[in-house]
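Look at the structure first, then read the points below.

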Amino acid sequence: MQRIVILGNAGSGKSTLAREVGERLKLPVVHLDRLFWGPGWSKPQNEVFRAHVSEAISGDGWACEGNYYRQTFDLRLPRADLVVWLDTPRVTCLSRVILRSALNRPRPDLAAGCRERLDKEFLSFLRYIWNFDRDSRPLIEQERLARGALVPVMNLRGSRQISDFVNSLARQP
């Protein structure tokens, strides 16, 4: 297992899991938000974003976290060994996002030049998180099946299952 795609709601723990997997397996970690967002939350041209993703996953191994299913599943899933879905309860996702936004500390998955903001767009983002399982997840899953139906999927819910998964990975020297 050398190429892992990690999916889930905002605040579900995708970035943390990717870092843990990367550390355990000695793989580069690809945070799609860092490749997508520019300074001040500016959006790139789709071709530019796809080129960055292609370059980031061109190696033999990686742990790639983030959904961006419309833009990148055709690039990531044909190369993936495993898809991990984080099934984190939406209340947990909301509380994590609110806390990290209020604290506004630097994070390895936050793009350079982007600062968390508590504004009208943030409220819209909270609605997205609350409705993720109903509105977004079925679309992501539909695209996953279209682009990578043969890639094994592991669903993880809760810190115990996540910890067991990470501990099951063979430590690389």
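Helix H4 (residues 69-76) and helix H7 (residues 137-148) have axes that come within 10 Å and cross at roughly 25°. The model is predicted: local features need pLDDT of at least 70, side-chain atom pairs count only at pLDDT 80 or more, and totals for chains, interfaces and linings use all residues. Residues are numbered from 1 along each chain as its sequence is written, and side-chain values use heavy atoms, without hydrogens and water.

**Helix packing**
- H4 and H7 are therefore roughly parallel (angles under 35 degrees).
- Their crossing is right-handed.
- Tyr69, Arg70, Phe73 and Asp74 of H4 meet Leu139, Ile140, Glu143, Arg144 and Arg147 of H7 (heavy atoms within 4.5 Å).
- By class, this contact of H4 with H7 has 4 nonpolar, no polar and 5 charged residues.

**Salt bridges**
- The structure holds 8 salt bridges (a side-chain nitrogen of Lys or Arg within 4 Å of a carboxyl oxygen of Asp or Glu).
- Asp74 pairs with Arg50, with the closest N and O atoms 2.8 Å apart.
- Asp74 lies in H4 and Arg50 in helix H3 (residues 46-56), so the pair ties together parts 24 residues apart in sequence.
- Arg147 forms a salt bridge with Glu143, the closest N and O atoms being 2.9 Å apart.
- Both Arg147 and Glu143 lie in H7, 4 residues apart, about one turn of the helix.

- Asp74 is partly exposed, at 29% relative accessible area (buried is under 20%, exposed over 50%, partly exposed in between, with a 1.4 Å probe and protein chains only).
- Arg50 is also partly exposed, at 23%.

Key: Axes fitted to C-alpha atoms, helices over the stretch in contact; angles between N-to-C directions. Helix = DSSP H or I, 4+ residues; strand = E, 2+ residues; numbered from the N terminus. Parallel < 35°, antiparallel > 145°, perpendicular 65-115°, else oblique. Left-handed = near helix turned anticlockwise from the far one by under 90°. Nonpolar A, V, L, I, M, F, W, Y, C, P; charged D, E, K, R; others polar.
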